[in-house]
Amino acid sequence: MSEETIAKINEVITQYFDANASVDWIPVKTIMPALIEAGVFNKDIKKGQPIRKTLRELDKESNLDKIPTAHAERRLDSIYWYLVRPGKEYTPKEIISPISKKEQNRLAIQNSDEYYLVNLCDELLKQEASRKHTFDTLVGNLHKRGKGRTKLPLDAYYEELKLVIEFFRKNEASDALDEKERARREQIKYYDGLKKKAILNKGLRLMNINYALFELDEADKLVRDTEKDIVVLKGLLKDFL
């Protein structure tokens, strides 16, 4: 990027902070409308991508100091870019997790009640389930644009045992539900029907396990008394043990 363009970016940033005296720092996406108006960029993409790309390039070349207001909040696999008023410090309003979103999702799955119960099933059946298993023939409705269908995942599939396990929570009465939630439940019910049909057509056995069979806390989550939970699962899986 030319020195002239960098000078223009700095000028726009200075003008922004002069016009917003109460603001000490901003995410870089906030400055994009002013940069476009000044002719630095033609349009915005993905909420600030052009200016982020510029900062990344300068950072890679060890020239980030050419935009002295730029602040890089560096995390494991991401950089969060901010602009900070000269003489002030960046003080985040909320703590940014040092864990990537992908890692957060993975941990959330591993901490879920479903993951916990499948672990116990693996232990009892002495086999490792294929988690979120999909079949090519088990798909949902056409996407909104009329192209493509998403494969419907199964909670646990034990190929050698020809067993599929699905966990569920019983829904409360639907009288007071809004239209969106009713539609969501209807879709789940419809997809459950597709799963059952596909599983039976493949000559597999389907076992639906209600979380309510186990001890739950006030938030409707498993208490995770492993000894008691194993007793419940042994009763359910007795045909396969």
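**Figure 1. Overview of the predicted model.** The protein contains seven helices and nine strands, where helices (H or I, at least four residues) and strands (E, at least two) are DSSP runs numbered from the N terminus. The model is predicted, so local features need pLDDT of at least 70 and side-chain atom pairs count only at pLDDT 80 or more, while totals for chains, interfaces and linings use all residues. Residues are numbered from 1 along each chain as its sequence is written, and side-chain values use heavy atoms, with hydrogens and water left out. Of the 241 residues in the protein, 33% are buried; buried means under 20% relative accessible area, exposed over 50%, and partly exposed in between (1.4 Å probe, protein chains only). Among contacts (heavy atoms within 4.5 Å) between residues at least 6 apart in sequence, 52% join residues at least 24 apart.

**Figure 2. Packing of helix α5 against helix α7.** Helix α5 (residues 113-125) and helix α7 (residues 226-236) pack at an angle of about 65°, and their axes are 10 Å apart. Axes are lines fitted to C-alpha atoms, for helices over the stretch in contact, and angles run from 0 to 180 degrees between N-to-C directions. The crossing of α5 past α7 is right-handed, a term for a near helix turned clockwise from the far one by less than a right angle, with anticlockwise giving left-handed. On the α5 side, the contact is made by Y116, L117, L120, C121, E123 and L124; α7 contributes T226, D229, I230, L233 and K234. By class, the contact residues are seven nonpolar, one polar and three charged. Here Ala, Val, Leu, Ile, Met, Phe, Trp, Tyr, Cys and Pro count as nonpolar, Asp, Glu, Lys and Arg as charged, and the others, Gly among them, as polar.

**Figure 3. Surroundings of D113.** D113 lies in helix α5 and is buried, with a relative accessible area of 7%. Not counting residues up to four places away in sequence, D113 touches R169, Y211, K221, L222 and R224. The C-alpha atoms of D113 and F167 are separated by 9.3 Å, although these residues are 54 apart along the chain.

**Figure 4. The largest pocket.** This pocket has a volume of about 820 Å³. On a 1 Å grid over the protein atoms alone, a pocket is an open set of points with protein on both sides within 12 Å along at least five of seven lines, and lining residues have an atom within 4 Å of a point. Grid points are joined across faces, edges and corners, and the volume is the space filled by probe spheres set on the points. Of its 25 lining residues, F167, F168, R169, I188 and D192 are the closest to the centre. At least two lining residues come from each of α5, β8, α6 (179-201) and β9 (205-210), and α6 supplies the largest share, eight residues. The lining divides into eight nonpolar, three polar and 14 charged residues.

**Figure 5. L194 and its neighbours.** L194 is placed in helix α6 and is partly exposed, at 24% relative accessibility. L194 touches L138, V139 and L152, not counting residues up to four places away in sequence. L194 and L138 are 56 residues apart in sequence and 7.2 Å apart in space, C-alpha to C-alpha.

Figure 6. Most residues other than glycine have a negative phi. S62, which is not a glycine, has a positive phi of about 60°; S62 lies in the loop between α3 (49-60) and β2 (70-74) and is exposed, at 62% relative accessibility. K162, also not a glycine, has a positive phi of about 55° and sits in the loop between β7 (154-158) and β8 (163-168).

Conventions
On a 1 Å grid over the protein atoms alone, a cavity is a set of points where a 1.4 Å probe fits but cannot get out, and a pocket is an open set with protein on both sides within 12 Å along at least five of seven lines; lining residues have an atom within 4 Å of a point.
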